[in-house]
Amino acid sequence: MRRLALAGRSCTDCPYQRDLTRSGTATGRVMSEPHTAIWMTGAYLGSLVIAGLVLMTLGAGQHGTLTGLQLTARWSFCFFIPAYVGGAATALFGSAFRPLARQGRNLGLAFASAHVTHLCFVAWIYYISIKPPLPLASAIFFGFAALLTYALALFSIPAMTQKLPSWAWWGLRTLGMDLIAIAFLRDFLRNPFGGSLAHLAAYLPFVGVVFVALLIRLAAYGKQLQRRWLAPQLAR
Ligand code: HEM
């Protein structure tokens with residue numbers, strides 16, 4: 001029902017969500033699927049190139065694998081962030097950001113496919129390490145974030161979306177994306193000021209970007225709440 005209610009306009013806060021036509025079906029489904037495939041393939045191939053270069057130059061030991069983890073995370077972050085803020089920025093700042101919001105699903109799926117290489121490095125570092133590289137609680141938290149990433153990708157397929165009640169899809173999309181953003185922030189914040197100037201450059205901009213993105217999302221939630229709760233009261 002909610003999907004039908006959204007018909008005829010694009011949802012401003014919906015990464016992984018396709019545009020919907022008046023009939024409630026996906027807009028230009030045939031046209032958008034090749035685009036989605038291009039986004040996903042490009043993001044995945046990019047991560048493979050990064051992984052290949054790192055392994056060739058640094059090897060497949062601890063150092064090479066940790067560098068691979070850090071670089072592939074940053075690569076997939078480049079797709080995650082615009083998917084995360086596109087809808088909220090449109091809601092706050094207007095239609096200039098609408099093209100970004102429209103690419104939300106493609107960007108989200110590109111993030112998911114780029115992140116596969118990060119998870120391959122994760123499997124490899126667990127295989128070669130004598131003791132686990134992360135404390136168990138952190139591994140469970142990041143594992144849950146990874147699970148949400150692929151649950152979002154799976155349920156963005158229209159046939160699967162229809163199987164979920166609209167509140168569950170809303171919750172998965174909204175809270176899932178927020179939790180993944182927090183996972184990025186948590187990892188980037190682990191030691192942002194440690195070591196050299198190069199270290200600072202490798203962490204601080206990413207921390208700044210996640211903070212700004214979280215603020216934009218919070219402001220958009222605030223605006224949404226204000227519209228939902230205050231506007232009807234003022235109308236009375
Ligand atoms: C959506 C899920 C995930 C996100 C958003 C994420 C994010 C990140 C980020 C941003 C980094 C770079 C940290 C840095 O530069 O220091 C990183 C590295 C790493 N990640 Fe992930 N990750 C995810 C899933 C996982 C999972 C499931 C595991 C393992 C259980 C994991 C294990 C690691 C390890 C071991 C590193 C290297 C840390 C280091 O440099 O010491 N990640 N991850």
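User: Which way is the crossing where H3 passes H5, left-handed or right-handed?

Analyst: H3 passes H5 in a left-handed crossing. A crossing is left-handed if the near helix is turned anticlockwise from the far one by less than a right angle, and right-handed if clockwise. This is a predicted model: local features need pLDDT of at least 70, side-chain atom pairs count only at pLDDT 80 or more, and totals for chains, interfaces and linings use all residues. Residues are numbered from 1 along each chain as its sequence is written.

User: At what angle do H3 and H5 pack?

Analyst: Helix H3 (residues 62–93) and helix H5 (residues 104–128) pack at about 160 degrees, and their axes are 8 Å apart. Axes are lines fitted to C-alpha atoms, for helices over the stretch in contact, and angles run from 0 to 180 degrees between N-to-C directions. H3 and H5 are therefore roughly antiparallel to each other. Angles under 35 degrees count as roughly parallel, over 145 as roughly antiparallel, 65 to 115 as roughly perpendicular and the rest as oblique.

User: And H3 with H8, what angle there?

Analyst: About 140 degrees, with the axes of H3 and H8 11 Å apart. That makes H3 oblique to H8. The crossing of H3 and H8 is left-handed.

User: Which residues make that contact?

Analyst: From H3 they are Ala 73, Phe 77, Phe 80 and Tyr 84, and from H8 they are Met 177, Ile 180, Ala 181, Phe 184 and Asp 187. Two residues are in contact if their C-beta atoms, placed from the backbone, lie within 7 Å.

User: New topic: the ligand. Which residues come nearest?

Analyst: Gln 70, Ala 73, Phe 142, Ala 145 and Asp 187 come nearest, out of 21 residues around the ligand. A residue is near a molecule if its C-beta atom, placed from the backbone, lies within 6 Å of it. H3, H5, helix H6 (136–155) and helix H8 (166–188) each give two or more residues to this shell.

User: Which element gives the largest share of the shell?

Analyst: H6 does, with six residues.

User: How many helices and strands does the protein have?

Analyst: Nine helices and zero strands. Helices (H or I, at least four residues) and strands (E, at least two) are DSSP runs, numbered from the N terminus.
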